[in-house]
Amino acid sequence: MKIIFYEHHAETLLWLNDLARALPEADVRQWQPGDTAPADYAVVWRAPAELFANRPDLKAVFNLGAGVDAILDVERKQPGTLPPNALLVRLEDSGMAHQMVEYATHTVLRYLRRLDEYDALQREHRWQKLPPYALKDFTVGVMGMGVLGARVAQTLAGFGMPVRGFSRTKRDIDGVQTFAGAGQFETFLDGTRVLINLLPHTPDTEGILNQRTFERLAPGAYLVNLARGGHLVDDDLLHAMQTGQIAAATLDVFHTEPLPDNHPFWRTPRITITPHISAETLREESIEQIAHKIMALTRGEPISGIVDVKRGY
Ligand code: NAP
Ligand code: GLV
């Protein structure tokens, strides 16, 4: 079995070694431009179109992340790039869910307890108590009830605040009031105090964090974007923060990454920026999951995590 690996990352050698250890019978190699030698499987992150060209033998492409927007974007721009018979498989949790839970919980509690405002007061040496927010009014809405969103919503519900979840199809999640489909989106948003985005980036969800969405939220709401920069209309957020409709935002993902130095988000005091780290791809857990799936495929067994290319996630 031949496996090609591509990730423009400093740790390529570690990935190659660990993949080879997990699949001792496989011949694992780093894909380089010009490499057209046969391959059964590809393990990739943000691979160029050239990697996929003329590879009718490829049985599956394993995406080294939960989101497949980058790989599907290559296919959208150059239809026919992805080998038509190869499965596209994304990472499912593989250590990302607990990271998302930690990040989202920290952020919601920081806003609930007004710790971001106390940070600002401390910088001015001001000893000042702020009125506390009532837990029962601090409604959190999680967009995306998939592997990551459902775990985040369930964990937050455990803190006692009202939690809502939004997905494409109806989901039943303990302690979470769920809404499904575009027809229920506005009801989901109405009165939400903290909006957390964990949707995949698809043509349907592009720009979904926009002025119309913000207007439905409770005044002085908080935005937490953990999915993709393409979900957010940047100017609409800046405008909503100027009017006070959005009080503060925590953003982990951006249209252009790294976020350009001259982007106004850097200069907006109540925007917290992190460099796409809310849930990182963990090598050990990811390789274990991928190796397990490759072995299942070679035995002719079904696997989970196959992307519906038409649906976009
Ligand atoms: P997932 O399991 O595929 O879940 C996606 C969820 O979104 C599902 O509940 C799905 O609805 C819902 N959805 C999709 N399209 C929708 C639409 N048009 N309207 C309403 N709901 C829609 O994905 P995941 O593993 O939780 O990951 C979610 C995203 O997080 C990834 O795509 C990626 O962009 C992002 N992510 C970011 C980081 C980071 O470090 N910042 C790390 C990992 C992932 P159904 O349940 O009905 O299918
Ligand atoms: C990271 O952003 C991922 O999609 O896994």
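Which polar side-chain atom lies 2.6 Å from an oxygen atom of ligand 2? In this predicted model, that atom belongs to H276. R228 also brings a polar side-chain atom to an oxygen of ligand 2, at 2.8 Å. G67 uses its backbone instead: an N or O atom there lies 2.8 Å from a ligand 2 oxygen. The protein covers 88% of the 190 Å² of accessible area that ligand 2 has on its own.

The shell around ligand 2 consists of G65, A66, G67, M96, R228 and H276. By residue class it divides into two nonpolar, three polar and one charged.

Next, the annotated domain. UniProt, in an unreviewed entry, lists residues 107-278 as "D-isomer specific 2-hydroxyacid dehydrogenase NAD-binding". Over that range the chain is 27% helix and 18% strand.

Now the backbone. A cis peptide bond joins E257 and P258, with omega about -5°. P258 sits in the loop that runs between strand 11 (246-251) and strand 12 (271-273).

Two residues other than glycine have positive phi values: R46, near 50°, and D93, near 65°. R46 lies in the loop between strand 3 (41-45) and helix 2 (49-52). D93 lies in the loop between strand 5 (87-89) and helix 4 (96-112).

How values were computed. Residues are numbered from 1 along each chain as its sequence is written. Chains are lettered from A and ligands numbered from 1 in the order in which they are written. This is a predicted model: local features need pLDDT of at least 70, side-chain atom pairs count only at pLDDT 80 or more; totals for chains, interfaces and linings use all residues. Side-chain values use heavy atoms; hydrogens and water are left out. A residue is near a molecule or strand if one of its heavy atoms lies within 4 Å of it. A polar contact is a pair of N or O atoms within 3.5 Å; within protein, one must be able to donate a hydrogen and the other to accept it, and residues adjacent in sequence count only if both atoms are side-chain atoms. Accessible areas come from the Shrake-Rupley method with a 1.4 Å probe; for residues, only the protein chains shown count as cover. Ala, Val, Leu, Ile, Met, Phe, Trp, Tyr, Cys and Pro count as nonpolar, Asp, Glu, Lys and Arg as charged, and the others, Gly among them, as polar. UniProt positions are given in the numbering used here, feature names are shortened, and annotations may be inferred rather than shown by experiment. Helices (H or I, at least four residues) and strands (E, at least two) are DSSP runs, numbered from the N terminus.
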